[in-house]
Amino acid sequence: MSKSAAVAAALLEAFFRSVPANRKKRITDGEWAGALHAFHKEAIAIRKQFGLGPLGRALATYQFQKKLLAAGFDAATVRKVVFSLVLNAFVSST
C-alpha cells in the first residue's frame, strides 16, 4: 500500500470515528461542526505522522474523496468534508 493510500485509509477511519453513527438521522449544523473539528484534529495528526508533501497530500485527499463516495455519502457532503479537510488540516501550518 502506498503512503497516500495509507493516509486515505487513516482519514476514513478518523472520519467515521468523528461523525455521528446514525447517518439516517438528520445531523444538525452544530453536530457537523463538532464532528468536523474532531476530524480535523485527527487529520492534522495523521498528516504529521506520515509526513506527506504537497503531492502526497493531494493524492491522499483524492483517494479519501473516492472512499467517502463509495461509503455512500452524497456528493455535496463529500465536497464539504474534503474542502474543509484541505483548508483546515492539509494546508494549515500547524
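Modeller: Helices are DSSP runs of H or I with at least four residues, strands are runs of E with at least two, and both are numbered from the N terminus. By that rule Y62 lies in helix α3. The model is predicted: local features need pLDDT of at least 70, side-chain atom pairs count only at pLDDT 80 or more, and totals for chains, interfaces and linings use all residues. Residues are numbered from 1 along each chain as its sequence is written, and side-chain values use heavy atoms, with hydrogens and water left out.

Biologist: Why does Y62 count as partly exposed?

Modeller: Because its relative accessibility is 48%. Buried means under 20% relative accessible area, exposed over 50%, and partly exposed in between, with a 1.4 Å probe and protein chains only.

Biologist: And T61, buried or exposed?

Modeller: T61 is also found in helix α3, residues 54-70, but it counts as buried because its relative accessibility is 8%.

Biologist: What does the T61 side chain reach?

Modeller: It reaches the backbone oxygen of R57 at 2.7 Å. A polar contact is a pair of N or O atoms within 3.5 Å; within protein, one must be able to donate a hydrogen and the other to accept it, and residues adjacent in sequence count only if both atoms are side-chain atoms.

Biologist: Which residues is T61 in contact with, leaving aside neighbours within four places in sequence?

Modeller: Those are V82, L85, V86 and F90. Contact means heavy atoms within 4.5 Å.

Biologist: Different topic. How many salt bridges does the structure hold?

Modeller: One. R17 forms it with E42, and the closest N and O atoms are 2.4 Å apart. The pair links distant parts of the chain, with R17 in helix α1 and E42 in helix α2, 25 residues apart. A salt bridge is a side-chain nitrogen of Lys or Arg within 4 Å of a carboxyl oxygen of Asp or Glu.

Biologist: Are those two ends buried or exposed?

Modeller: R17 is exposed, at 54% relative accessible area. E42 counts as partly exposed, at 25% relative accessibility.

Biologist: Back to helix α1. What span should it have?

Modeller: Helix α1 covers residues 3-18, and at 1.5 Å a residue its 16 residues should span 22 Å; the end C-alpha atoms are 22 Å apart, which agrees. The expected span is 1.5 Å times one less than the number of residues.

Biologist: What about α2?

Modeller: Its 22 residues should span 32 Å, and its end C-alpha atoms are 31 Å apart, which agrees. Just after α2, G51 takes a positive phi of about 60 degrees.

Biologist: Which residues touch the most other members of the largest nonpolar core?

Modeller: L11, F15, F39, F64, L68 and L85, out of 25 residues in that core. α1, α2, α3 and α4 each supply at least two of its residues, and the largest share, seven residues, comes from α1. A nonpolar core is a set of buried Ala, Val, Leu, Ile, Met, Phe, Trp, Tyr and Cys residues joined through side-chain atoms within 4.5 Å.

Biologist: Say more about F15. What is it in contact with beyond four places in sequence?

Modeller: W32, F39, F64, L68, F73 and V81. Ring pairs also link F15, F16, W32, F39, F64 and F73 into a cluster.

Biologist: How many aromatic pairs does a search of the whole structure find?

Modeller: Seven. Rings of Phe, Tyr and Trp (its six-membered ring) pair if their centres lie within 6.5 Å; planes under 30 degrees apart count as stacked, over 60 as edge-to-face, and the rest as tilted.
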